[in-house]
Amino acid sequence: MTKAFVVREYGGPEQLRLEDVDVGAPGQGQLKIRNRAIGLNFVDVYQRTGLYKTSLPFTAGNEGAGDVVAVGPGVTDFAVGDRIAYQGPIGAYAEERILPADKAVRLPLAISYEVAAASLLKGATAFYLLHWTHALKADETILVHAAAGGTGQILTQWAKAIGARVIGTAGSDEKCNTVRGNGADLAINYKSDDFVARVKELTGGRGVDVVYDGVGAVTFEPSLDCLKVRGLMVSFGNASGPVSIPRLGILADKGSLYVTRPTGAGYFRTANDLRVAADALFNLIELGRIKVAIDQTWPLAQAVEAHRALEARQTTGSTLLLP
Ligand SMILES: NC(=O)c1ccc[n+]([C@@H]2O[C@H](COP(=O)([O-])OP(=O)(O)OC[C@H]3O[C@@H](n4cnc5c(N)ncnc54)[C@H](OP(=O)(O)O)[C@@H]3O)[C@@H](O)[C@H]2O)c1
């Protein structure tokens, strides 16, 4: 038996219940993993509340790193004892779990379990957003919302590694200092400042090439006013609530804009897709171009407290749950 946080009903953080679960042996194409570190992500909240529907009951969590302790039939590229990380398949909030082998990536020696679990989902997301959703170029300017958050910090540093100009927003002056510390050219406190007016001023009225918006409901529409003519709105999350576009013509009115709503599931279609992203991420971490801020660590047993802090905007950078 292993300890795992199971969600039996959608709802608040209290719906995360620590239970004894029998994870069994790995089946065809599967690995059994002993988690050493588990990454907290906002998607864990959406799945817990039911905003993203997952069949009940389920074990929460989408990211982790640990050791392969058993290998199922048909697995040829992993062996017992391998250090791996994964992102995507639900079931991470557990001491041990079963994982499809094609969702695992091997860890380079220089990457600790903690750094991997704090960065793989968020960093693979930053990779696809900056390379595949839009191939960001050094002469472009982007706006990154929630730039002091887990994904926002990696996205900002990666965009700077590409050479682009980055304007980041965050919900306090202290968080804005963090945003600047990650290399952003400008940071805006969007609680106290009008970010649309500031972006217009900072871009000489032209607007940015791309907005990366994981905040959603409260930032989506004003962000359209931050874009250049034919700019791209990348709405990749909904921390403040989901987005709807009541009238498509708004994109015409605001300058023939493009909008996309990408997900990891749409971009990481094969094992190789994830490995390409992980290789690029771990390489930049090893080179020191991306620093992974593990700003909060909780014992796995305190996952409920971790969810409360994330939803209350009390966290910065990445958060780990340690089994
Ligand atoms: N589509 C994808 O493939 C993908 C993959 C990874 C992440 N995401 C999305 O990216 C976003 C960031 O994820 P993350 O896990 O890295 O979380 P995070 O950024 O560490 O935390 C969320 C941040 O959003 C900001 N926020 C603004 N309004 C909020 C509200 N009403 N409630 C809570 N937070 C609010 C807060 O920062 P401030 O206080 O600075 O505003 C908060 O710290 C999420 O929307 C997530 O779903 C999408």
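The ligand is surrounded by 30 residues, a residue being near if one of its heavy atoms lies within 4 Å. The closest are Tyr46, Tyr128, Lys175, Tyr190 and Gly214. This is a predicted model, in which local features need pLDDT of at least 70, side-chain atom pairs count only at pLDDT 80 or more, and totals for chains, interfaces and linings use all residues. Residues are numbered from 1 along each chain as its sequence is written, and side-chain values use heavy atoms, with hydrogens and water left out.

**Polar atoms at the ligand**
- Tyr46 has a polar side-chain atom 2.7 Å from a ligand oxygen atom.
- For Tyr128, a polar side-chain atom lies 2.6 Å from an oxygen atom of the ligand.
- An N or O atom in the side chain of Lys175 is 2.6 Å from an oxygen atom of the ligand.
- The ligand taken alone exposes 910 Å², and the protein buries 90% of that (Shrake-Rupley method, 1.4 Å probe).

**Make-up of the shell**
- Twelve nonpolar, 14 polar and four charged residues form the shell around the ligand; Asp, Glu, Lys and Arg count as charged, Ala, Val, Leu, Ile, Met, Phe, Trp, Tyr, Cys and Pro as nonpolar, and the others, Gly among them, as polar.
- Domain 1 (2–120 + 270–322) and domain 2 (138–261) each give at least three residues to the shell; the bounds come from an automatic or database domain assignment.

**Asn41**
- Asn41 counts as buried because its relative accessibility is 5% (buried means under 20%, 1.4 Å probe, protein chains only).
- Leaving aside neighbours within four places in sequence, Asn41 is in contact (heavy atoms within 4.5 Å) with Glu63, Leu121, Lys122 and Leu310.

Conventions:
Polar contact = N/O pair within 3.5 Å; in protein donor to acceptor, adjacent residues only side chain to side chain. Buried < 20%, exposed > 50% of the residue type's maximum accessible area, 1.4 Å probe, protein only.
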